[in-house]
Amino acid sequence: PNPKVYGSVFEPIAINMREETNRINFTLRLHKSVRERMSIDDFEVQVLSANGDYMHNGKVVKDAQQLSYPAEFISKDEQSLNLHYTLMRLESGNNSLLKIRNTKEEKDYIVKDLLSEILGKVPNLDLACLHDFDVDVEIRDCSNNNNLMVTIKINDYQLHSFMIELSNRY
């Protein structure tokens, strides 16, 4: 309204101050037990999620198209690759995946649900409060047979270790 006629009018409005983005600092490391046989250049890391479409009320559209988030390259040396990802809101049901692929071997080392199998395993995780994650993945040779071990740490919490059975990798 015109302030000369009605005076100052103040209407309360609600502003959603909830942070809607997540940041992942990702490191892939090759343990010294595999460095002679593998190169960090052979690996491709993808973070995917179907969380790019929102309704007018701020809810994520279910069953939306899965996005492949671009990585910001941080650094790389002979034994590690460091990437940074900025993602929209993470919530269950959005087909959010972490995928690590050895392109030389044409083998997926990890295809895991980012929330339920990776971030969701961190004790006392509250995605409404915690938005920054340091994800550290190490690949090592654990025995003389045809197996590798992958270890995942989130914010310095050892989350997961599992074996990958490979064939014809030598």
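Two strands are taken as paired if DSSP finds at least two bridges between them. In this predicted model, that rule applies to strands E2 and E3, which are joined by three bridges and run antiparallel. Within this pairing, leucine 48 stands opposite serine 68 in E3.

**Overall make-up**

The protein chain has 170 residues, and buried residues account for 38% of them. Its secondary structure consists of two helices and ten strands. Read from the N terminus, the order of elements is α-β-β-β-β-β-β-β-α-β-β-β. When contacts between residues at least 6 apart in sequence are taken, 55% of them join residues at least 24 apart.

**The four-stranded sheet**

E2 and E3 belong to an open sheet of four strands, ordered E3-E2-E6-E7 and paired antiparallel. Strand E3 (67-69) and E7 stand at the edges with a single partner strand each, so one side of each has no neighbour in the sheet. From one strand to the next, the twist averages 25°. In general, strands of a sheet pair through backbone hydrogen bonds, and the pairing is either parallel or antiparallel.

At the E7 end of the order E3-E2-E6-E7, strand E6 (residues 97-102) is joined to strand E7 (residues 107-113) by six bridges, and the two run antiparallel. Leucine 97 has aspartate 113 in E7 opposite to it. E6 and E7 make a hairpin, with four residues between them. Glutamate 106, in the turn of this hairpin, has a positive phi of about 55°.

**The aromatic pair**

The structure holds one aromatic pair. Phenylalanine 43 and tyrosine 109 form this pair, which is edge-to-face, with 5.3 Å centre to centre and 80° between the planes. Phenylalanine 43 lies in strand E2 (residues 43-49) and tyrosine 109 in strand E7, so the pair ties together parts that are 66 residues apart in sequence. Phenylalanine 43 is buried, with a relative accessible area of 7%. Tyrosine 109 is buried as well, at 4% relative accessibility.

Histidine 84 lies in strand E5 (residues 80-87). Its relative accessibility is 16%, and because the cut-off for buried is under 20%, histidine 84 counts as buried. The side chain of histidine 84 makes a polar contact of 2.6 Å with the side chain of asparagine 25. Apart from neighbours within four places in sequence, the residues in contact with histidine 84 are Arg23, Ile24, Asn25, Pro70, Ala71, Glu72 and Ile74.

Aspartate 141 is found in strand E8 (residues 132-141). At 17% relative accessibility, aspartate 141 also falls under the 20% cut-off and therefore counts as buried. Its side chain makes a polar contact with the side chain of arginine 37 at 2.4 Å.

| Residue | Relative accessibility |
|---|---|
| Phenylalanine 43 | 7% |
| Tyrosine 109 | 4% |
| Histidine 84 | 16% |
| Aspartate 141 | 17% |

How values were computed. Residues are numbered from 1 along each chain as its sequence is written. This is a predicted model: local features need pLDDT of at least 70, side-chain atom pairs count only at pLDDT 80 or more; totals for chains, interfaces and linings use all residues. Side-chain values use heavy atoms; hydrogens and water are left out. Buried means under 20% relative accessible area, exposed over 50%, partly exposed in between (1.4 Å probe, protein chains only). Contact means heavy atoms within 4.5 Å. A polar contact is a pair of N or O atoms within 3.5 Å; within protein, one must be able to donate a hydrogen and the other to accept it, and residues adjacent in sequence count only if both atoms are side-chain atoms. Rings of Phe, Tyr and Trp (its six-membered ring) pair if their centres lie within 6.5 Å; planes under 30 degrees apart count as stacked, over 60 as edge-to-face and the rest as tilted. Axes are lines fitted to C-alpha atoms, for helices over the stretch in contact, and angles run from 0 to 180 degrees between N-to-C directions.
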